[in-house]
Amino acid sequence: MAGSDWLTARPVAHRALHDAAAGIIENMPSAVDAAIAGLYAIEVDVQMSSDGEAMVFHDDDLDRLTLATGPLKTLTARALQAVEFRSTADRMMSLPDLLERVAGRVPLVIELKSHFDGDTSVAVRACELVADYAGPAALMSFDPELVVAVRRLAPHIPRGITMERRYDDPEWAPLPATTKFAWGNLLHFPRTRPDFVAHYVKELPAPAPWLARNLLGLPLLTWTVRTEADRAAAHRYADQMIFEGFRP
């Protein structure tokens, strides 16, 4: 991926540089500001509101972090930006808010969240916004269909596949074994053609990311680095880490 040294130049703060004990909550403005101040790249999650805006938030449901309940996708962007959080006075950002706030000062790695139902609207909206963004930014997803959509809609935007080797966490239980095998071995590569790979650190080394990195020359990020053992694995097997819970 020509001109992409920025993708691996600095450690990437997972959901921005959050610290719940200090009231700095993941994916929120204060966490973004802290990452910018530390000159870290920033990874965030985006998903769609009911009225078609990309919102910066990780969970499908609002319950864990906010005083609201239920699925994020049932509320409008305006309603989501008014939702109160449990441990911060910050409010949820839209993707346009995020891009304006960062303004090219540090790289952005934006994960497109998916319900794995064929809906590519989050990729469409993200491409619309990032295509005109002046700073370094990449889009990635666990969902190969969203990566395919980015490739089709905005081939000039760096795109990545987020992946594991086995997909044995209970959250992946609905996936057929054939899908897990295909995703864990990058069998979608002819369709997705990712510019980089972001792989689960606990499962490195693994054949597919090794081949992508060493034979195809794709940058390899690894997530989520939290411990010294994770850092050692990231240093040995990847080009850069997506980290949380400490400052590299």
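At 4% relative accessibility, Asp230 counts as buried, where buried means under 20% relative accessible area, exposed over 50% and partly exposed in between (1.4 Å probe, protein chains only). This is a predicted model, in which local features need pLDDT of at least 70 and side-chain atom pairs count only at pLDDT 80 or more, while totals for chains, interfaces and linings use all residues. Residues are numbered from 1 along each chain as its sequence is written, and side-chain values use heavy atoms, with hydrogens and water left out. Helices (H or I, at least four residues) and strands (E, at least two) are DSSP runs, numbered from the N terminus.

**Salt bridges**

- The structure holds 15 salt bridges; each is a side-chain nitrogen of Lys or Arg within 4 Å of a carboxyl oxygen of Asp or Glu.
- Asp230 pairs with Lys202 in one of them, with the closest N and O atoms 2.8 Å apart.
- That pair links distant parts of the chain, since Asp230 sits in helix α10 (residues 228-237) and Lys202 in the loop between β7 (196-200) and α9 (207-214), 28 residues apart.
- Arg191 and Glu145 also meet through their side chains (2.9 Å, N to O) in a salt bridge, joining helix α8 to helix α6 across 46 residues.
- Both partners are partly exposed: Arg191 at 40% relative accessibility and Glu145 at 35%.
- Within helix α5, Arg125 and Glu128 form a salt bridge (3.2 Å, N to O); they are 3 residues apart, so about one helical turn separates them.
- Arg15, Glu26, Asp45, Asp59 and Arg64 are linked in a network of salt bridges.

**Helices α5 and α6 together**

- Helix α5 (residues 121-130) and helix α6 (residues 144-153) pack at an angle of about 35°, with their axes 9 Å apart; axes are lines fitted to C-alpha atoms, for helices over the stretch in contact, and angles run from 0 to 180 degrees between N-to-C directions.
- The contact (heavy atoms within 4.5 Å) is made by Val122, Ala123, Val124 and Cys127 of α5 and Leu146, Ala149, Val150 and Leu153 of α6.

**Around helix α6**

- Pro144, Leu146, Val147, Val148, Ala149 and Val150 of α6 are buried, and the buried residues of this helix pack against β4, α5, β5 (137-141), β6 (159-163), α7 (177-184) and α8 (189-192).
- Thr120 lies in the loop between β4 (108-112) and α5, and it touches Glu145, Leu146 and Ala149, not counting residues up to four places away in sequence.
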